Amino acid sequence: MTTHHPSHHHDHHQHAAHHAHATKAPQPPPSGKVEYTCPMHPEIVRDAPGSCPICGMALEPRVPTLETGPDPELVSMTRRFWIAAALALPLFVLAMSEMVGVTILAGRTRVWVELALALPVCTWAAWPFYVRFAQSLANKSLNMFTLIGLGVGVAFGYSLVAALAPGVFPQAFRNHDGTVGTYFEAAAVIVTLILLGQVLELRARSSTGAAIRKLLGLAPKTARRIEADGREVDVPLDHVHAGDRLRVRPGEKVPVDGVVLEGTSSVDESMVTGEPIPVEKQTDDRVIGATINGTGALVMRAEKVGSETLLARIVTMVAEAQRSRAPIQKLADSVAAWFVPAVIVIAVITFVVWSLVGPDPRMAHAIVNAVAVLIIACPCALGLATPMSIMVATGRGAAMGVLFRNAEAIEVMRQVDTLVVDKTGTLTEGKPRLESVVPVSGTEATLLRLAASLERASEHPLAAAIVAGAEARGIALADVASFASVTGKGVRGVVDSRNVALGNRAMMDAAGIDSTALAARAEELRADGQTVMYVAVDGVLAGLVGVADPIKDSTPDAIRALAAEGLHVVMMTGDSKTTATAVARKLGIDEVIAEVLPDQKAAQVQRLQSQGRKVAMAGDGINDAPALARADVGIAMGTGTDVAMESAHVTLVKGDLRGIARARALSRATMANIRQNLFFAFVYNTAGIPIAAGVFYPFTGWLMSPMLAALAMSLSSVSVITNALRLRR
């Protein structure tokens with residue numbers, strides 16, 4: 001990974017986001033090798049699909065790929081579900097008919113038919129649950145599959161013995177007519193409903209990868225390479241190397257990130273920047289892979305290929321963010337850690353109490369109610385509550401041009417109350433422009449010709465603005481003789497055989513030139529946010545030139561939106577107090593910290609934090625990186641440098657501050673959504689436990705059949721998933 005040299009500071013529309021690599025985020029694996037990870041426990045990484053040793057959930061690919069076939073886990077669970085459903089339905093009908101007093105099959109025949117129907121469901125269809133149940137015991141990590149395996153195993157095992165050897169049961173297990181009850185329908189329906197829950201969950205999880213697959217789908221499949229002998233061949237994208245010359249024909253996608261060597265065209269970069277207006281490209285301009293070329297033909301040199309392109313890095317970043325854990329998740333985990341053992345204890349107590357003081361048949365009631373407790377309390381929805389919302393939110397953010405580095409950034413974003421913005425390149429375009437030319441006498445053109453010809457030889461950052469301004473006005477420039485630069489003051493030289501000096505007030509004073517005639521005008525321009533330089537010709541003041549960094553078009557709206565969000569906006573800049581205050585006044589910004597040296601930025605952020613504020617910092621330059629890392633939320637402008645992005649928590653792809661208001665709204669919605677999900681996950685389970693345990697039976701006769709328990713449990717998972725998917729809107 002290269003990071004740009006500071007001199008490339010405003011290498012525009014640069015790559016959003018190597019950031020994934022600044023944290024401990026693992027590098028994407030070499031192409032072709034897919035790594036699998038658990039949505040709940042990102043620290044688990046395997047080379048093949050399987051289930052998580054901690055929570056038993058199915059592992060999924062760490063970075064979705066485009067050519068993903070159907071998810072093998074989903075295919076297998078779906079097949080098991082349909083077969084289980086086909087067998088459980090007649091079982092259910094048999095059980096119901098008995099309840100309403102219609103006898104379809106009687107006595108032992110019925111028991112054998114039920115056994116035949118339930119056997120494949122409770123063995124083959126439920127097999128993954130038993131495997132995970134065994135793993136959870138082996139790993140000493142109790143989870144939802146511990147409860148499911150225990151519940152189904154007990155219900156089915158008991159019924160199996162009752163069907164095959166009813167003689168072994170004492171009177172306490174027998175009905176009034178001496179038969180031993182079986183619970184095949186309960187066991188089969190539970191398995192079917194849990195399979196349904198798994199299918200819905202896996203489906204929803206695959207749709208969260210849709211945002212990433214959409215990004216991946218933007219990349220072209222091939223590139224047209226110009227060989228050394230001038231032949232042109234189409235090669236697959238992964239055969240393109242840095243340094244290759246590629247031809248981009250009109251209307252084609254730019255294959256990889258690189259630089260234009262010849263040709264001019266306009267390129268639609270909206271997929272990266274969100275800006276609808278195509279960007280003009282000519283020699284030496286940068287182009288981004290997957291953007292769409294307009295009507296011109298370009299020849300480009302490939303610079304970043306494969307996993308280094310902007311698109312690949314954005315994909316990696318979104319994928320890493322989707323896998324990261326929000327701090328609120330720790331709460332859900334710690335709850336699950338004591339919840340499962342507690343439920344097993346409650347189930348045991350239920351069994352003991354019913355077997356001692358329950359109505360006849362005591363043992364049968366004891367087993368059924370213990371199973372109902374295990375099933376209703378199963379916290380599968382709890383495991384989904386946070387990751388589902390985080391995954392949907394990061395995908396939604398990516399679509400809006402807001403890239404979250406991790407789940408924590410989403411959580412903290414909504415608590416931010418102070419936003420520090422760097423002026424240059426964030427509020428302004430970061431490209432100085434010639435704004436005013438004020439001659440003492442004569443025409444602007446004459447003054448500008450002398451000033452720009454002199455500045456053409458200068459290295460000063462404002463020099464380029466003056467030269468560009470003169471060229472834009474069609475002024476021909478002259479050559480300069482005996483050019484000299486005076487540090488901290490300005491430049492001088494001979495243009496058209498006249499002695500020209502251009503610089504600040506100090507330079508004029510040193511040369512004994514009286515600059516008072518234009519002092520008031522200079523102050524006016526400064527108050528308007530311009531940097532003013534005096535021009536003297538042959539020892540006499542000839543005029544002023546003013547250069548300013550224009551405010552981005554989107555900035556005024558953005559500042560209004562942020563104020564409406566209740567954020568206190570602070571502008572921080574290295575500029576002079578006068579210039580900074582002028583810009584702040586135009587934009588209605590509350591507080592200005594001016595004349596800050598680059599290395600003081602982080603200290604200023606810390607100072608605000610020490611006042612008890614939650615600080616977000618937005619910046620785009622290499623010098624902003626330490627401050628971005630220090631802030632509670634660092635926000636990098638996607639048009640800035642890679643270093644800034646690596647140290648930030650959020651990247652705004654198109655470098656538009658309006659994205660901050662959006663990010664904050666998304667953060668609020670996501671956290672609310674997670675809270676609702678945790679509520680859904682808990683309310684079913686905890687409310688259901690006392691009913692399932694039969695606490696109300698002596699007073700109301702309420703009992704919960706294990707089937708109803710399984711239905712309630714599946715519903716809690718479904719409500720969590722549907723609720724999370726609402727964030728897409």
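The largest nonpolar core holds 130 residues, and F129, L419, I635 and I660 touch the most other members. Helix α5, residues 184-208, gives the most to this core: 12 residues. The model behind this picture is predicted.

Take I635 as a way in. Beyond its neighbours within four places in sequence, I635 is in contact with M413, L419, A616, M617, A618, G619, L628, A648, V650, L652 and I660. Two of these partners, L419 and I660, are named with I635 among the core residues that touch the most other members.

Now turn to a helix pair. Helix α10 spans residues 362-376, and helix α23 spans residues 658-693. Their axes come within 8 Å and cross at roughly 180 degrees. Angles over 145 degrees count as roughly antiparallel, so α10 is roughly antiparallel to α23. On the α10 side, the contact is made by N369, A372, V373 and I376. On the α23 side, Y684, N685, G688, I689, A692 and A693 take part. By class, seven of the contact residues are nonpolar and three are polar. None is charged.

Step back to the whole chain. The protein chain has 25 helices and 25 strands. Of its 729 residues, 53% count as buried. Among contacts between residues at least 6 apart in sequence, 67% join residues at least 24 apart. The accessible surface of the chain comes to about 30400 Å². Carbon and sulfur atoms account for 60% of that surface.

Technical notes. Residues numbered from 1 in each chain as written. Predicted model: local features only at pLDDT ≥ 70, side-chain atom pairs only at ≥ 80, totals over all residues. Heavy atoms only, no water. Helix = DSSP H or I, 4+ residues; strand = E, 2+ residues; numbered from the N terminus. Buried < 20%, exposed > 50% of the residue type's maximum accessible area, 1.4 Å probe, protein only. Contact = heavy atoms within 4.5 Å. Areas by Shrake-Rupley, 256 points an atom, 1.4 Å probe, with all protein chains shown as cover. Axes fitted to C-alpha atoms, helices over the stretch in contact; angles between N-to-C directions. Parallel < 35°, antiparallel > 145°, perpendicular 65-115°, else oblique. Nonpolar A, V, L, I, M, F, W, Y, C, P; charged D, E, K, R; others polar. Core = buried A, V, L, I, M, F, W, Y, C linked by side-chain atoms within 4.5 Å.
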